[in-house]
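Take a look at the fold below. This report walks through its sheet, then its pockets.

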Amino acid sequence: MHLSPNQVIDDLQLANELFVSGQSQHYINRGSRVLITSVHGHSHERNGFIKGADEGTFVFSYLLAKYLNANWAAVGRELLPDSNFYLETEFKQMVRGEITGKNLLCVDIHACHAFRAFDMEIGTAYRKESSKDIGLMNYLNSKGYYCVLNEIFKARGDGSSQTMTDFFHTLGVNAIQLEISSCYLTGDTRLEWHQRIKLLHFLINAITDYYQDS
């Protein structure tokens, strides 16, 4: 598929309106077996400290879900408890009620510092890496992205904490954390936007293949 520039512009406006709406959480049900999530699009609280947002992930996750015709869930307000850390949050409660028995694959979108050497990392938490995880990594690498699997951002909690990926696994749902270099998600130069749209295209195809082969 090829995205229409006019459609992307319209959808960006919608995504940005949702981003600034102040709504604590968002969920769009498209009847899909894929769920795209974003929990770090706004700054959030973790262990008494405020952590900065993974800038651009809210909007990117919205676009990815829209063009995949996938379900979408996102934290929508600043300073809420970190759902990628705490065992129980209102966002996790909402998602639990929506996805049980309905979704085959959940993809949790995050961003990492542009100084990381890779473009993307796939984290599987405590689940053993599958042939589909390796296939997704290989597909993205074949398109010119440097994609790695469980090297730094493994989507694992530390002790009593629980990532979204591990949360999905406890519900019996396949999930991955997709850590994307922030250079693909922020900024407003034409080159950065070109890279962003290119990545959207490839992820749409890659994720479609990932869950259809299950």
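## A parallel pair

Strands β2 (residues 34-38) and β7 (residues 105-112) run parallel and pair over 4 bridges. Two strands count as paired if DSSP finds at least two bridges between them. Within this pair, I36 has V107 of β7 as its bridge partner. Strands (E, at least two residues) and helices (H or I, at least four residues) are DSSP runs, numbered from the N terminus.

The model is predicted: local features need pLDDT of at least 70, side-chain atom pairs count only at pLDDT 80 or more, and totals for chains, interfaces and linings use all residues. Residues are numbered from 1 along each chain as its sequence is written, and side-chain values use heavy atoms, with hydrogens and water left out.

## The whole sheet

The sheet is open and has 7 strands. Their order is β1-β5-β2-β7-β10-β8-β9, and the pairing is mixed. β1 (25-28) and β9 (147-149) stand at the edges with a single partner strand each, so one side of each has no neighbour in the sheet. From one strand to the next, the twist averages 20°.

Helix α4 (residues 131-142) lies across β8 (120-123), β9 and β10 (174-181). Contact means heavy atoms within 4.5 Å. α4 runs at about 165° to β9. Axes are lines fitted to C-alpha atoms, for helices over the stretch in contact, and angles run from 0 to 180 degrees between N-to-C directions.

## The largest pocket

What is the volume of the largest pocket? About 360 Å³. A pocket is an open set of points on a 1 Å grid over the protein atoms alone, where a 1.4 Å probe fits, with protein on both sides within 12 Å along at least five of seven lines; lining residues have an atom within 4 Å of a point. Grid points are joined across faces, edges and corners, and the volume is the space filled by probe spheres set on them.

The lining has 21 residues, and H40, R46, N84, F153 and Q177 are the closest to the centre. β7 gives the most to this lining, with 3 residues. The lining splits into 5 nonpolar, 9 polar and 7 charged residues. Nonpolar means Ala, Val, Leu, Ile, Met, Phe, Trp, Tyr, Cys and Pro; charged means Asp, Glu, Lys and Arg; the others, Gly among them, are polar.

## The second largest pocket

This pocket has a volume of about 220 Å³. It is lined by 14 residues, with N16, G56, V59, L185 and R196 nearest its centre. α1 (5-19), α2 (57-68) and α6 (190-212) each give two or more residues to the lining. α2 gives the most, with 5. The lining holds 8 nonpolar, 4 polar and 2 charged residues.
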